[in-house]
Amino acid sequence: MYLAYFLQAAIAFNVLIAAIFKPQDFLIAFVLFLIALIIYVFSWKTKIMFPWFVYFLVSFAVLIHTSGYVQGRYLAFVNWDMLAHFVSGTIVALIGFLVILFWDKIKKYNLDAAFIGIFIIFFGCVFEYFWEIWEFCIDTFLGGSAAGLMQANNTDTMTDMIFVLISSLIVAIGCYYYLKSYGKEKIFHNM
C-alpha cells in the first residue's frame, strides 16, 4: 500500500507542477488526481478492501497519464501512450474481474473460471473500444487534448487496442488460474 500512497503523492506533485509552471494543464491534472482517489473513497465508504496491487495499479495508471500531460511525456517518449494503454488495460481488466465476481455472487449464477476469463477479455476490449471513440471525438471536435492529437493515425489506434488486448489476456489468464487454484470465496473473504 505504501507504493500506492507514494504514487498518489507523485500525482499530487504533478498537479503542483501544473499549477505553478503549466496552468493550462492544471485542470486536467487536478481531475486525474480526483479520479485516482475514487478507489480509496469507494473502499472507505463501502468497507470493501481490494488487494494492494489494485490501488497501486490505479495510482500508477493515473500517474502515467498525469505526467504524460504535465511533463510532456506523450510527446517526448514515443512509447508512452502504449505504456499508458497497457497499464490502464490491466486496471480495466481487473475491474471487469471484480464486476463479474460480484455479479456472480449477487445473482448466484455460479459462473466457471473459463467464462469469467472470457468476460474479462471482452470487458477490457469493449472499454478500449469506447475509449478510442472518445479519443476520436476529442480530436475531431476539439482539435485534440492538452498533449496534442490523441490519435495520430490508424496504426496508433490499433496499437492501443492491441496493448489493451494483451493486458486483458494476461489478467484473464491470471484470474483463471487463481480461481482454479483458490476459488471465488477466498477473494470475497479477503475483500
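A salt bridge is a side-chain nitrogen of Lys or Arg within 4 Å of a carboxyl oxygen of Asp or Glu. The exercises below apply this and other rules to a predicted model, in which local features need pLDDT of at least 70 and side-chain atom pairs count only at pLDDT 80 or more, while totals for chains, interfaces and linings use all residues. Residues are numbered from 1 along each chain as its sequence is written, and side-chain values use heavy atoms, with hydrogens and water left out.

**Exercise 1. Find how far apart the closest N and O atoms of lysine 184 and aspartate 104 are, and in which helices the two residues lie.**

Step 1: The closest N and O atoms of lysine 184 and aspartate 104 are 2.5 Å apart, and the pair forms a salt bridge.

Step 2: Lysine 184 belongs to helix H8 and aspartate 104 to helix H5, so that the pair, 80 residues apart, links distant parts of the chain; helices here are DSSP runs (H or I, at least four residues), as strands are (E, at least two), numbered from the N terminus.

Step 3: By the rule given above, the count comes to 2 salt bridges.

**Exercise 2. Describe how H2 and H3 are arranged.**

Step 1: The axes of helix H2 (residues 23–46) and H3 are 9 Å apart, and the angle is about 175°, where axes are lines fitted to C-alpha atoms, for helices over the stretch in contact, and angles run from 0 to 180 degrees between N-to-C directions.

Step 2: This angle makes H2 roughly antiparallel to H3, since angles under 35 degrees count as roughly parallel, over 145 as roughly antiparallel, 65 to 115 as roughly perpendicular and the rest as oblique.

Step 3: The contact (heavy atoms within 4.5 Å) includes Leu32 and Phe33 of H2, and Val58 and Val62 of H3.

**Exercise 3. Work out how H5 is oriented towards H3 and towards H7.**

Step 1: Helix H3 (residues 52–70) and helix H5 (residues 80–107) have axes that come within 9 Å and cross at roughly 150°, which makes H3 roughly antiparallel to H5.

Step 2: Among the residues that make this contact are Leu57 and Ile64 of H3, together with Leu83 and Val87 of H5.

Step 3: H5 and H7 pack with their axes 8 Å apart, at an angle of about 40°, which makes H5 oblique to H7.

Step 4: Phe86 and Phe97 of H5 are among the residues in this contact, as are Phe163 and Val171 of H7.

**Exercise 4. State where confidence is lowest and where it is highest in the protein chain.**

Step 1: The mean pLDDT (the predictor's confidence in each residue, from 0 to 100) of the protein chain is 88, and 98% of its residues reach 70 or more.

Step 2: Confidence is lowest in helix H8 (residues 184–190), with a mean of 76, and highest in helix H7 (residues 154–182), at 94.
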